[in-house]
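Morning, everyone. Please have a look at it first.

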Amino acid sequence: MKWLLATDGSSSAQKALANLASLTTPEDEIVFYKCYSLKKNIPGGGSFVDPYGKEDSFDILEASKKKWKELQGQGKISGVAQGSLDCRAAIVDYATSHGVEKIMMGTRGLSPMKKAIYGSVSAYVMKNAKNISVVVTE
């Protein structure tokens, strides 16, 4: 089974990592995926730049790999950091183009206002990841 763990280093991503570690076998392949946002405009004015840029993304991936070993996760692991204007679409595109069968990710439980402004990454991925199972943990 080929898994993609969408991680941002948050507590919900750490829970997703722990859940995935309990599900994998030595034959599985796990891609730790960190997308960092490139500058983008926010509706109503202004712009947003991910406070975790490219270098911080590699640190987050390394911390995830370390935690994986502590949890005694199984399978072959790799890490990918990718910049995008739309990380929601980037997760789906990467998974689709790299033969991923399942996506594991956390959800932050954004307020209705923040969901309206930023959108829910997990909801977008669940809706748009065709033929890929998506597992979201809280």
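One term before we start. A residue is called buried when its relative accessible area is under 20%. Also keep in mind that this is a predicted model.

Let's begin with aromatic rings. How many aromatic pairs does a search of the whole structure find? Two. In one of them, the ring centres of Phe32 and Trp68 are 5.5 Å apart, and the planes sit at 70°, so this pair is edge-to-face. Phe32 belongs to strand 2, residues 29–37, and Trp68 to helix 2, residues 54–70. So the pair ties together parts that are 36 residues apart in sequence. Phe32 and Trp68 are buried.

Now Tyr33 and Tyr94. Their ring centres are 5.1 Å apart and their planes at 40°, so this pair is tilted. Tyr33 is in strand 2 and Tyr94 is in helix 3, residues 87–97. That ties together parts 61 residues apart in sequence. Both tyrosines are buried.

Next, the cores. The largest nonpolar core has 18 residues. Which of them touch the most other members? Leu4, Tyr33, Ile91, Ile103 and Val125. Strand 1, strand 2, helix 3 and strand 6 each give two or more residues to this core. Helix 3 gives the most, with six.

Take Leu4. Beyond its neighbours within four places in sequence, Leu4 contacts a list of residues including Val31, Tyr33, Ile91, Tyr94 and Ile103. Another core lies apart from the largest one. That other core has 11 residues, among them Leu5, Leu17, Phe32 and Leu61.

A quick stop at Ser122, in helix 5, residues 121–128. Is Ser122 buried or exposed? Buried, with a relative accessible area of 7%. Leaving out residues up to four places away in sequence, Ser122 touches Met105, Gly106, Thr107 and Val136.

Last, charges. The count comes to four salt bridges. One of them joins the side chains of Glu29 and Lys2, at 3.8 Å from N to O. This pair links distant parts of the chain, with Glu29 in strand 2 and Lys2 in strand 1, 27 residues apart. Glu29 is partly exposed at 30% relative accessible area, whereas Lys2 is buried at 15%.

Lys67 bridges to Glu70, with the closest N and O atoms 4.0 Å apart. Those two are three residues apart in helix 2, so about one helical turn separates them. Arg88 pairs with Asp86, and there the closest N and O atoms are 3.2 Å apart. Arg88 is partly exposed, at 24%, and Asp86 is partly exposed too, at 26%.

Definitions and conventions:
Residues numbered from 1 in each chain as written. Predicted model: local features only at pLDDT ≥ 70, side-chain atom pairs only at ≥ 80, totals over all residues. Heavy atoms only, no water. Phe/Tyr/Trp six-rings, centres within 6.5 Å; stacked < 30°, edge-to-face > 60°. Helix = DSSP H or I, 4+ residues; strand = E, 2+ residues; numbered from the N terminus. Buried < 20%, exposed > 50% of the residue type's maximum accessible area, 1.4 Å probe, protein only. Core = buried A, V, L, I, M, F, W, Y, C linked by side-chain atoms within 4.5 Å. Contact = heavy atoms within 4.5 Å.
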